[in-house]
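Me: Could you walk me through this one before I set anything up with it? I'd like to start with the overall confidence and then go through the interfaces.

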Amino acid sequence: MDHTPILIVLVPLTSALLIPFLAMGGGRFARAGLLFATAGSLLCSILALRASLEGEVLSYHVGGWPPPWGIEIVIDPLSGVMATLVSFLAVLAAFYSGPYLSGWTARRTGTFCSLFALLVTGLQGIVVTGDLFNLYVFLEISSISAYALLSSGGSKAIVAVFRYLLIGTVAASFYLIGVGYLYAMTGTLNMADMAARLPETSDSPVIVVAVSFIVIGLAIKAALFPLHGWLPDTYTYAPGPVIGFVAAVMTKVSAYALYRILFYVFVAGTGPREPLLLLGWASVIAVVAGSLMALAQKDVQRMLAYSSIGQMGYIMLGIAIGTPLALTGALLHVVNHAVMKGCLFMAVNGVQWRLGVFRVCDFAGMGRRLPLTMAAFTVAALSMIGLPPTAGFFSKYYLALAALESGYFPFLAALILSSLLGAVYFFRVLEKVYLSPENDEETRDTSELPFPMLAPILTLAVLALLLGLFNQTVVTELIQPGLPS
Amino acid sequence: MEAETLSFVNYCLAASLFLIGLYGILARPHLVRKLMAMNILQVAVIVFFIILGYKSDATPPIVRHGDETPIARNYINPLPHTLMLTAIVVSVSTTGVALALLIRIHRRFGTLDESELMEKLK
Amino acid sequence: MQQIFQRIAWLPFVAAAAILFYAARDLPTIADPNAPASTHVSPRYIESAVAETGAANMVTAVLADYRAYDTLGETVVILTAGLACLLVLGAFTPARSGPTEKKATPYEFGSDIVDATSRLLIPFISLFAFYVVVHGHTSPGGGFQGGAICAAAIILVRLVRGRAPAFRLLPTYTVAIGSIGVLVYTGTGLVSLFFEKNFLDYSGLPLPFHGGHLREMGSLSVETGVFITVTAVMVLIFDVLTMGSEE
């Protein structure tokens, strides 16, 4: 009996429960517990992914009850890839957090690590579930732990996180009421069962309203323009290991949930058209506006936050267009962006942690002070702009092809424009890093970042290159099996 | 009132409550009022689910003493109630965390009004 | 500009209300026993609850048995909220131990009547809490409800007597108790994994019962876990939120 589907969620959960006890023995046991949690989840995700790639979709009935009476966990290639992505980034973030947490009391470390493990639990729970209400529950688990973790960055973070809390709860309530409408019309909460029963309800305005609510709710969580207001402040003031993980993963998981609902619950193409149209136009604006606003920032982390808004626009664009080519681009970009943004945020936060600087002008001469970190930053930045052979080029290529194929020329123009803008604001930073002389400050610490922080950054940069070089394999082996047939 | 109109009025009330909560979050500058509006929003969703489960001439979902074979027609649908237990718990938890954040904000800045906060954050 | 915005702020809401009211006409009539929600999944819950799960209270049957995974998530949400409050507000000094003199705490009402009444009430409240948990199967109740009542009893002690009573625990330990509750829940589910059944499938528990009775024991174990966690976290949140007012 294969229990890996449920273990993907249970390993981080049980670890999170044990970490407060481990912390009583000292902070390093708590950190070890966190590493175990994330590594365990990664292992189970990889096993489940391999099993699902060999042919059958894994379906796990929790409690022994068959769906739709019980809750079902579904591992198909797509959820397997997402689960592996989330846990892989979690392992790296757990590693990265070591130096950051070293000054904290054992009790605070324990609480932090426990909440981090619960965040991973929540995200994995969203990724593997096959039940709409179960998704809401795990969405809330990940949200509440994220609120707490993101607020540990100081007083500005607290205000930003309070706003995020309000908006996030509104988003979850929108999602829930959308599910309620769907439940009223079909009588079930299981995704596969609902997919079977929806065609009978035909064109009811209730379904359109329900899908609109769900799209709005998940779009808020995914920071799609114009619902992105919570993101810049929250990302700018958040502490290092948290933001490296959250920025890379949380919005993507919401985008994945949206994709699941639009293409699996509504068997591809039968859903209402209007929300998708709205989504498409919002994403186009997001792509351009995100890049424009990133250009105007002086704070590097804020610049990356606005860049994330633009990138989420790409993913949503792919989902909105809906053709297999577009979906391939969107899903590939989910993986690529998680890797690239994770690397960027971790690098920038490392600089901030080591040297206390966060503005572009203060990055002058970093190329000599922190050569490895900045090399990784450069690779990730080139990938974000979209230069071959890095990963970013290929996902944009697929999206551009899809836009061309479907005749949506404004989308294509937006893609090209935002890539050019991206080149401008990233090269601005790179120019300061490599070509400017250092500021005449007392050199506080000229050495490179400590190994636990450096290793994840370098790993992600290398991965960005590898995903680009081997993108054919990635697309055919991992992404395309996950598309709706 | 016939059942259709009554049903329509009920759904409209739930929707109105939802929109009132949403308006409160967006339009009120004081953070505690925003929190209260958030609670109203969540209650609206809870109310909506619960009214879905009702059946005419049915009793609450506990098997009556001596009823050997319960028939679905005679009992209210238990599923929305279960789901809303979860939603209420989530609502309470979120309110708890929000209050903790508010206490931190108040200690640090001395005010809970959004416009004043924006001034102090500059 | 701000003025104009304030004036028209209610317009989109009116538009949204119009859309929602329009859609509401198509929703199934309330109280209609033939609505999809009442005819598809729930009849099995209603008709087989006693036979399959041993619970006459169908809501508990669904909560603790059919959809136990959701309830696990819900309990984890509570625990997460407790941990979150601890992380956000937890920078207090435990050295500030309870004063042994009469006043100085802001909660003490200093009234003998309140004190005496609460002494009478609290045992009954706690007993009622346990009753609600155990009887969740046959009457309205369950782990969450019982936990909230028990937490109310403990918080009543704090409100009336301040921080002095011996029942006061450091938040670290309260969180540990909350974790124990969820561990009981998860543990019950994990035991089944060792007996070749799925997670949270109570028929895999190694107890000398069968069928509905076995599942009833599983549900009871799970509800106990929920009770422990809810009590601990409610008290934790109260403690953490009121900790700083001693300044």
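Reply: What follows goes from confidence to the chain contacts and then to a few single residues.

Me: What are the ground rules for the numbering and the values?

Reply: Residues are numbered from 1 along each chain as its sequence is written, and chains are lettered from A and ligands numbered from 1 in the order in which they are written. This is a predicted model, where local features need pLDDT of at least 70, side-chain atom pairs count only at pLDDT 80 or more, and totals for chains, interfaces and linings use all residues, while side-chain values use heavy atoms, with hydrogens and water left out.

Me: What are the ipTM and pTM?

Reply: The model scores ipTM 0.94 and pTM 0.93.

Me: And what is the mean pLDDT of chain C?

Reply: With pLDDT being the predictor's confidence in each residue, from 0 to 100, the mean for chain C is 82, and 85% of its residues reach 70 or more.

Me: Where in chain C is confidence lowest, and where highest?

Reply: Confidence is lowest in helix H1 (residues 2-8) of chain C, at a mean of 67, and highest in helix H6 (residues 68-89) of chain C, at 93. Over residues 93-106 of chain C the pLDDT is below 50, although this stretch has 12 contacts in the model beyond near neighbours in sequence, a contact meaning heavy atoms within 4.5 Å. Where pLDDT is low, the predicted coordinates should not be read in detail.

Me: How many helices and strands does chain C have?

Reply: Chain C has 10 helices and zero strands, with helices (H or I, at least four residues) and strands (E, at least two) taken as DSSP runs and numbered from the N terminus. Buried residues make up 54% of the 247 residues in chain C, where buried means under 20% relative accessible area, exposed over 50%, and partly exposed in between, with a 1.4 Å probe and protein chains only. Among contacts in chain C between residues at least 6 apart in sequence, 68% join residues at least 24 apart.

Me: Switching to interfaces, how much area is buried between chain A and chain C?

Reply: Chain A and chain C bury about 4,900 Å² between them, 72% of it on carbon and sulfur atoms, where buried area is the accessible area (1.4 Å probe) that two parts lose on being put together, summed over both. A:Trp65, A:Trp69 and A:Arg107 supply 17% of the area that chain A buries against chain C, more than any other three residues. The contact takes 59 residues from chain A and 53 residues from chain C.

Me: Which residues form the salt bridge there?

Reply: The rule finds one salt bridge across that interface of chain A and chain C, formed by A:Asp131 with C:Arg67, whose closest N and O atoms are 2.7 Å apart; the criterion is a side-chain nitrogen of Lys or Arg within 4 Å of a carboxyl oxygen of Asp or Glu. On the side of chain A that touches chain C, H5(A) gives the most, with 10 residues.

Me: How about chain A against chain B, what is the buried area?

Reply: The area buried between chain A and chain B is about 2,800 Å², of which carbon and sulfur atoms give 85%, and the contact takes 28 residues from chain A and 35 residues from chain B. H6(A) gives the most to the side of chain A that touches chain B, with 20 residues.

Me: Which strands pair in chain A?

Reply: Strand E1 (residues 58-62) of chain A and E2(A) pair in the antiparallel sense over five bridges, pairing being called if DSSP finds at least two bridges between two strands. The bridge partner of A:Val62 in E2(A) is A:Ile71. Strand E2 (residues 71-75) of chain A is mostly covered, since four of its five residues are buried.

Me: Last topic: is A:Leu276 buried or exposed, and what does A:Leu276 touch?

Reply: A:Leu276, in helix H11 (residues 273-295) of chain A, is buried, with a relative accessible area of 12%. Not counting residues up to four places away in sequence, A:Leu276 touches A:Leu262, A:Ile319 and A:Ala320. A:Leu276 and A:Ile319 are 43 residues apart in sequence and 8.4 Å apart in space, C-alpha to C-alpha.

Me: And C:Ser48?

Reply: C:Ser48 lies in helix H4 (residues 42-53) of chain C and counts as buried, at 18% relative accessibility.
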